Amino acid sequence: MATDAGNPMPRFPAGFLWGVSTSAHQIEGAVDEREPSVWDAFTAGPGRVKDGSTAAVACDHYHRYREDVALLAGLGVDAYRFSVSWPRVNSPGGPEFYDRLVDALCAAGVRPVPTLFHWDLPARLDWLERDTASRFAEYVSLVAERLGDRVSKWITLNEPAEHTLLGHALGVHAPGKQLLFDALPVAHHQLLAHGLAVRALRAAGATDIGIANSHGPVWAASEEPADAEAADFYDVLLNRLFAEPLILGEYPCGLGELMPGDVESDLKVIAEPIDWYGVNYYAPAKVGAPHGTEIDFGGITLPAELPFSVREIEGRPVTDFGWPVVPEGLTELLTTFRDRYGDRLPPVVITENGCSYEGIDDQDRIAYLDAHVRALHRAVQAGVDVRGYFVWSLLDNFEWAEGYARRFGLVHVDYDTLERTPKASYGWFRDMLRAQG
Ligand code: FCB
């Protein structure tokens, strides 16, 4: 990787928000102290999680949140992005837990930034049902009433694209449905849920509302028309399908015709103005025409019948997950979005960026983060209105279908003792933030 590491980190604009992210199901544990989610049901099935683990204990953050808030304070972040578990809010003691967490964050001078849905749907609900969007808005109203006196920045959904694709099209995440393109209503209902949530938040007096969508540049495997067409198709699915209803109030490429319900009127809800647009960035994708055979994509088997194939990006270091390290992909993504959507693109916040590596002296994570923060600064210099950056993740945690095998934390977690140990990258991030002032 080309690196400027060693040169001083350039200064970001005043008021830039620095933070770290986690999600409820990945860190909280205490699953018996709330109603079940689709992830509890999914992980109970055999062979779903690679190491056979569950999130029953995870980092036990539910009982150890004070220690984790102390780690946040020591890091010196402005903000902490966590998620509120819908099943926990429905359960006795759940709302009080988030009260305590938010109080502890405020006392530590760390701004709480809750995500209202990070994939842990109550097990009795289903995104194939339109009604789930309305149920979500009711739950959001409850949370906003409860926490709105102390929370001033909100995220509706995390990565509806991955939740649709991995959870409902391919079945490698909860709820384990393998509907391929019949999963499209799940995308529409989540987008509708987002729009209804924005309205519910505003009705409760909330401001500063965004969403966390996953995006990455899509590179065609070659200049052959079949590869270019497949890459365009993938770009529509990954980037445009989830961005354009929100930003432009329309589905790309006539996809609205495949969506259920009164799509025109739903789009008015979906395009309810937001204050900022969250981007989770990990890596670009190289895409070509279909091979006609199943392919392995970062451990996920993509079926042969998809109209594209995801190829390896060669000549790059990869993380332990096998994801290529391509910092300039972040600059490219943001400048492409700015060029595509112009003034209609709200200010951007990077709501997740990070990497899985083993070890406590994690120099490879430092190199990854250093290069990506510099790449982000290049986007700022190129005129993209970027307002914040959150590292995924504060802690090593339950990485969905990968179980505990992938470690993304700035802080190491010993899953036997639950002891937390700050890694070298924790010190690097803390020092970088101090130097930003
Ligand atoms: C994102 C998820 C997050 C985490 C990272 C590695 O897709 O939003 O929960 O799993 O990937």
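A residue is called buried when its relative accessible area is under 20%, exposed when that area is over 50%, and partly exposed in between, using a 1.4 Å probe and the protein chains only.

What you see is a predicted model, in which local features need pLDDT of at least 70 and side-chain atom pairs count only at pLDDT 80 or more, whereas totals for chains, interfaces and linings use all residues. Residues are numbered from 1 along each chain as its sequence is written, and side-chain values use heavy atoms, with hydrogens and water left out.

Is His-163 buried or exposed? Its relative accessibility is 2%, and therefore His-163 counts as buried. His-163 belongs to helix α7, which spans residues 160-169; helices here are DSSP runs of H or I with at least four residues, strands are runs of E with at least two, and both are numbered from the N terminus.

Which residues does His-163 touch, leaving aside those up to four places away in sequence? They are Phe-117, Trp-119, Trp-127, His-168, Ala-174 and Gln-190, where contact means heavy atoms within 4.5 Å.

In α7, 9 of the 10 residues are buried, so the helix is largely enclosed by the rest of the structure. Among the buried ones are Pro-160, Glu-162, Leu-166 and Ala-169. After α7 comes Gly-171, which has a positive phi, near 75°.

I turn now to the ligand. The residues surrounding the ligand include His-118, Trp-119, Asn-158, Glu-159, Tyr-282 and Glu-352; a residue is near a molecule if one of its heavy atoms lies within 4 Å of it. Trp-119, then, both surrounds the ligand and touches His-163.

A polar side-chain atom of His-118 is 2.8 Å from a ligand oxygen atom. For Asn-158, an N or O atom of the side chain lies 2.9 Å from an oxygen atom of the ligand. Glu-352 places a polar side-chain atom 3.0 Å from a ligand oxygen atom. For reference, a polar contact is a pair of N or O atoms within 3.5 Å; within protein, one must be able to donate a hydrogen and the other to accept it, and residues adjacent in sequence count only if both atoms are side-chain atoms.

Finally, the whole protein. There are 13 helices and 15 strands. Of its 437 residues, 61% count as buried.
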